[in-house]
Amino acid sequence: MAVTTQQLIQWKQQGRSIVALTAWNYAIAQLLDAAGVDLILVGDSMAVVLGYETTLPITLEEMLFHAKSVRRGVKRALIVVDLPFLTYQESFQQAMHSAGLILKETGAQAVKLEGGYPAMVETIARLVQAGVPVMGHVGLTPQSVHQIGLRQQGKTQEAAERILNEAIALEQAGVFSIVLEHIPADLANLVTQKLSIPTIGIGAGPHCDGQVLVTSDVLGLSEKHPPFAKVYTNLRETITKAVENYAVEVRDRKFPQS
Ligand code: KIV
């Protein structure tokens, strides 16, 4: 059965941990879906596999193109698509236009927006009222890299309180789930206890209702990865060896065999 936003909330109530990963094309999405991943995020972190330094340059057109490809590979998982930098911060109208294109053109079920400051909460509340399922994202928000870097957030009492209050405000605005990125585990635990919607952690310790990682990190495809990522296999090495073997066989006229 296809995963829904309501299902995620039920899983939180049942204490069943939610498995999430990112995907950027049909082939990866098909593998993740078949392996039983519950939520597939077409994250703007795919900027890295497209060769960008940060998530900032990625465009709405690129997100639409990749989300459509992901959609074709998925039968069960819930698909959430990131709204890229400055395609939703300007006004509610801009956010509605961008979210509308994503839901209408890609067949994804939800969008994710970064930030829990008052103007963003207001935008999200209006999107939700209009029928757009929204996932929140607080803590380290990579679209603000030039303001906050990629450091752990919420380390002081004041910063921790701000993140907790943002998460509460986002829940009140109607988000169905919130990503907590790179914050102390105790803070993530507190936020998770306070909310009735599921928290999905990345670099936020073991107490969240689910976990997400960037798939290119998990597969060892990224040139570098954040300290909290776990690399489960080294595809850079595997691919390099396979390609080197192929090149040797072609040059030695061993492939194809006559
Ligand atoms: O873009 C992304 O991959 C994300 C995750 C880090 C949650 O937003």
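## Threonine 240 and helix α10

Threonine 240 lies in helix α10 of what is a predicted model, and with a relative accessibility of 41% this threonine counts as partly exposed. A polar atom of its side chain lies 2.6 Å from the backbone oxygen of arginine 236.

## The segment after α10

Two backbone features belong to the segment that follows this helix. Proline 256 is placed in the segment after α10, and the peptide bond that joins phenylalanine 255 to proline 256 is cis, with omega at about -5°.

With a relative accessible area of 77%, arginine 253 is exposed, because exposure here requires a value over 50%.

## The annotated glutamate and its neighbour in sequence

An unreviewed UniProt entry lists Glu181 under "active site". In the model, glutamate 181 is found in strand β6, which covers residues 177-181, and this glutamate counts as buried at 10% relative accessibility, since the cut-off for burial is under 20%. When neighbours within four places in sequence are left aside, glutamate 181 is in contact with His137, Val138, Gly139, Leu140 and Pro142, and also with Ile202 and Phe228.

Histidine 182 is placed in the loop between β6 and α8 (185-194). The phi angle of histidine 182 is near 50°, which is positive in a residue other than glycine, and histidine 182 is buried, with a relative accessible area of 13%.

## Salt bridges

Aspartate 209 forms a salt bridge with lysine 12, in which the closest N and O atoms are 2.8 Å apart. This pair links distant parts of the chain, given that aspartate 209 is in the loop between β7 (199-202) and β8 (210-213), that lysine 12 is in helix α1 (residues 5-14), and that 197 residues separate the two. Both aspartate 209 and lysine 12 are buried.

Aspartate 38 and arginine 76 meet through their side chains in a salt bridge with an N to O distance of 2.9 Å. Here too distant parts of the chain are linked: aspartate 38 is in the loop between α2 (26-34) and β2 (39-42), while arginine 76, 38 residues apart from it, is in the loop between α3 (60-73) and β3 (78-82). Aspartate 38 is buried, with a relative accessible area of 1%, whereas arginine 76 counts as partly exposed at 24% relative accessibility. Arg16, Asp38 and Arg76 are linked in a network of salt bridges. A further salt bridge, 2.8 Å from N to O, brings together the side chains of lysine 112 and aspartate 82. That pair also links distant parts of the chain, with lysine 112 in strand β4 (residues 110-112) and aspartate 82 in strand β3, 30 residues apart; lysine 112 is buried, and aspartate 82 is buried as well.

## Threonine 199 in strand β7

Threonine 199 is found in strand β7 and is buried, with a relative accessible area of 0%. Its side chain makes a polar contact of 2.7 Å with the side chain of threonine 192. Not counting residues up to four places away in sequence, threonine 199 touches Ile178, Leu180, Val191 and Thr192, as well as Cys208, Asp209 and Gly210. Among these, Asp209 is the residue whose salt bridge with lysine 12 was described above.

## Alanine 173 in helix α7

Alanine 173 lies in helix α7, which covers residues 157-173, and is buried, with a relative accessible area of 10%. Apart from neighbours within four places in sequence, alanine 173 is in contact with Val121, Ile124, Ala125 and Val128. The C-alpha atoms of alanine 173 and leucine 213 are separated by 25 Å, and these two residues are 40 residues apart along the chain.

Technical notes. Residues are numbered from 1 along each chain as its sequence is written. This is a predicted model: local features need pLDDT of at least 70, side-chain atom pairs count only at pLDDT 80 or more; totals for chains, interfaces and linings use all residues. Side-chain values use heavy atoms; hydrogens and water are left out. UniProt positions are given in the numbering used here, feature names are shortened, and annotations may be inferred rather than shown by experiment. Helices (H or I, at least four residues) and strands (E, at least two) are DSSP runs, numbered from the N terminus. Buried means under 20% relative accessible area, exposed over 50%, partly exposed in between (1.4 Å probe, protein chains only). Contact means heavy atoms within 4.5 Å. A salt bridge is a side-chain nitrogen of Lys or Arg within 4 Å of a carboxyl oxygen of Asp or Glu. A polar contact is a pair of N or O atoms within 3.5 Å; within protein, one must be able to donate a hydrogen and the other to accept it, and residues adjacent in sequence count only if both atoms are side-chain atoms.
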